[in-house]
Amino acid sequence: MMSRERKKTAALQDKLQLLRSLAHSHALSNTSIIMDASKYIKELKQNVVMLNQEIACAAQDSRSRQSSYPTVNVETLGHGSFLVNVLSDKSCPGLLVSILEAFDELGLSVLQATATCADTFRLEAIGGENLVENVDEHVVKQAVLRACSSLSGGGNKQT
């Protein structure tokens, strides 16, 4: 029968060997195994910090990309006219022109419009006198979204 001291020593050796394998250590002495394990733990901590920074940066990039996508809302006013609202957290050169060209392609005349494009972009327009058949609010919305995404690189947010 083994004494308690031998059982403790055997258990300690087993744990040191496990630690040696987990830390990818080739050391033979107990002290060296523990030092290698300590270095390994420091490396793991640094990796965790770097991964957390990458995740934070990726989340921030994702939020900024999503917030810059325009929001388009179209309502039918009747008699072939539509109220179009476009909102974007970011102003993009040429966006207003691109939207107005989309109106033109649909045969819609701009009856009234208010636009701001300093830091953000906002357009409220009433388009009417529809010369093309089968144009409904969904068709207008898709055309405006295509006009927006052609300038912003393809993304859009629909409401």
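Biologist: In which element of the chain is confidence lowest, and at what mean?
Modeller: pLDDT is the predictor's confidence in each residue, from 0 to 100. Helices (H or I, at least four residues) and strands (E, at least two) are DSSP runs, numbered from the N terminus. H1 has the highest confidence, at 92. Confidence is lowest in strand E5 (residues 157-158), at a mean of 42.

Biologist: At which pLDDT do side-chain atom pairs count?
Modeller: Residues are numbered from 1 along each chain as its sequence is written, and side-chain values use heavy atoms, leaving out hydrogens and water. This is a predicted model: totals for chains, interfaces and linings use all residues, local features need pLDDT of at least 70, and side-chain atom pairs count only at pLDDT 80 or more.

Biologist: How many contacts beyond four places in sequence does the model have for residues 154-159?
Modeller: Contact means heavy atoms within 4.5 Å. Over residues 154-159, pLDDT stays under 50. Where pLDDT is low, the predicted coordinates should not be read in detail. For this stretch the model's count is 20.

Biologist: In what order do the elements of the chain run?
Modeller: There are four helices and five strands in the chain. From the N terminus on, they run α-α-β-β-α-β-β-α-β.

Biologist: What separates the C-alpha atoms of leucine 123 and alanine 113?
Modeller: Leucine 123 also contacts Ala113. The two residues are 10 apart along the chain. Their C-alpha atoms are separated by 7.1 Å.

Biologist: How many bridges join strand E3 to E4?
Modeller: Two strands pair if DSSP finds at least two bridges between them. E3 (residues 109-116) and E4 form a hairpin with four residues between them. Valine 110 stands opposite glycine 127 in E4. The strands run antiparallel, and the bridges number seven.

Biologist: Which residue in E4 stands opposite leucine 87?
Modeller: E2 and E4 pair in the antiparallel sense over seven bridges. Opposite leucine 87 stands arginine 122.

Biologist: How many disulfides does a search of the whole structure find?
Modeller: A disulfide is a pair of cysteine sulfur atoms within 2.5 Å. Cysteine 148 is buried, at 1% relative accessible area. Cysteine 117 is partly exposed, at 46%. The number of disulfides found is zero.

Biologist: What is phi of histidine 24 near?
Modeller: Histidine 24 sits in the loop between helix H1 (4-22) and helix H2 (30-68). With a relative accessible area of 56%, histidine 24 is exposed. Most residues other than glycine have a negative phi. In histidine 24 phi is positive, near 55°.

Technical notes
Buried means under 20% relative accessible area, exposed over 50%, partly exposed in between (1.4 Å probe, protein chains only).
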